[in-house]
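Thank you all for coming.

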Amino acid sequence: MGCKNCCNACLQCLFGYETNVMLVINNKGVGALFRLIQFLIIAYVAVYVCWIQRAYQDTDSVISSVSTKVKGNILTNSPIEGVHVWDVPEYVIPPQGENTFFVLTNVILTPGQRQSKCPETPSEVTKCESDSDCKEGYSDVHGNGVQTGHCVQYSDKIKTCEVQAWCPLENDANIPKPAVLSAAEDFTVLIKNNIQYPKFKFKKRNILPHINSTYLKSCMFNRKTDPDCPIFRLGDMVTEAGEDFSVMALKGGIIGIFIDWNCDLDFSERFCIPKYSFSRLDNKNPENNVAPGYNFRFAKYYKNNESIDTRTLIKAFGIRFDVIVFGMAGKFNIVPTIVNLGATLAFLSLTAAICDWVMLTCMKDRDNYAKHKFIHLNQNGDSMPLVSKLEKYIIIKLHNIILIKMILFYTVIELHGDKLIWDSMME
């Protein structure tokens, strides 16, 4: 009998079928909660998932190439060089860059340098009183050359160690104010940007189809009047980045040119257009203003009348413009649509579970609700509450457990033949 009951219980659990019972409860509180949760889920899916995230679309990241061309000329008259016209080959360094270009705005010139011996610039390391304070062959990382071992006069009151270097040495203590090339804010740059989305076989460039050669020669980017023009005034970009060009030109800096190509390819191609924005990228925190701006050195080499190698050293300050292209394209695809539809239905199924939990745990009539919520249908077609079924199920389980325990006891007796083991296990 025990084995038969055990088999019946297992078969009943294995092949039993559970179906939902539609129980209508006229309770305004539970009903309002049910509709509120449904509304929130539908609003979340419609607004955030479908409208903002466009989760019904397949997406692809942008692949981009950029080329730039700067134009402008400046006339300067300095004590060192005299009258000088700066054109593109001089102030755009290097002439070609990968998604970046540098415009010279300020310079410190040291002309007529050649290989010779001269006093090192004064510092705590280079100041000396006699030759014993200088070490021949020593090269300071922050110095300008290799020490000769001699202590020589730098000025009337200061002596420094002599170095073998390009002399005369550069003096960059005083930066020219205002910037030598402060008029560079009127320079313009043409940015040509080609993008593609390989997954959708979509290609486009920022010179849009309606832009012709005549328009390109006369237009200038303006967010209101000419938002599609690919020619930008340097001063306008720095201003939109929240900076003053005349101040930034003194020590240089880095400006980011952001081109946003986020496109919805479910609409016409003409709606996929670039959006431009500008921001300063280098640190200008006044509390941590060590090594501000952007600068580097380069030299122009030539031979003098005596055929001696000579150079003009240039410490260049300027603004580096980094062109940063980003974007995502989306297009309708049935797979993510079905996935998100299934997720929506799964969310909606939670509504009934939450309301059932509230109804069965928080309501005053929860026992009455539970009685009608869980019903067992027997073979004769009669229904009885789940409580009676649970009682019957517990009795069957206890009977099976006792039967299994007795079988184990008899097995131990047969193996060991020890009555003490039987007594201890019966306890």
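This is a predicted model: local features need pLDDT of at least 70, side-chain atom pairs count only at pLDDT 80 or more; totals for chains, interfaces and linings use all residues.

Residues are numbered from 1 along each chain as its sequence is written, and side-chain values use heavy atoms, with hydrogens and water left out.

The protein has 10 helices and 18 strands, where helices (H or I, at least four residues) and strands (E, at least two) are DSSP runs numbered from the N terminus. Of its 427 residues, 32% are buried, and buried means under 20% relative accessible area, exposed over 50%, and partly exposed in between, with a 1.4 Å probe and protein chains only.

Now to the sheet: 3 strands form an open, mixed sheet in the order β1-β16-β12, and two strands pair if DSSP finds at least two bridges between them. Because β1 (57–61) and β12 (263–264) each have a single partner strand, they stand at the edges, and one side of each is left without a neighbour in the sheet. β12 pairs with β16 (residues 328–332) in the parallel sense over 2 bridges, and aspartate 264 stands opposite glycine 330 in β16.

Lastly, the nonpolar patch: α2 (28–52) and α7 (334–361) each supply at least two of its residues, and α2 gives the most, with 5 residues. Isoleucine 354 is in helix α7, and this residue counts as partly exposed because its relative accessibility is 38%.
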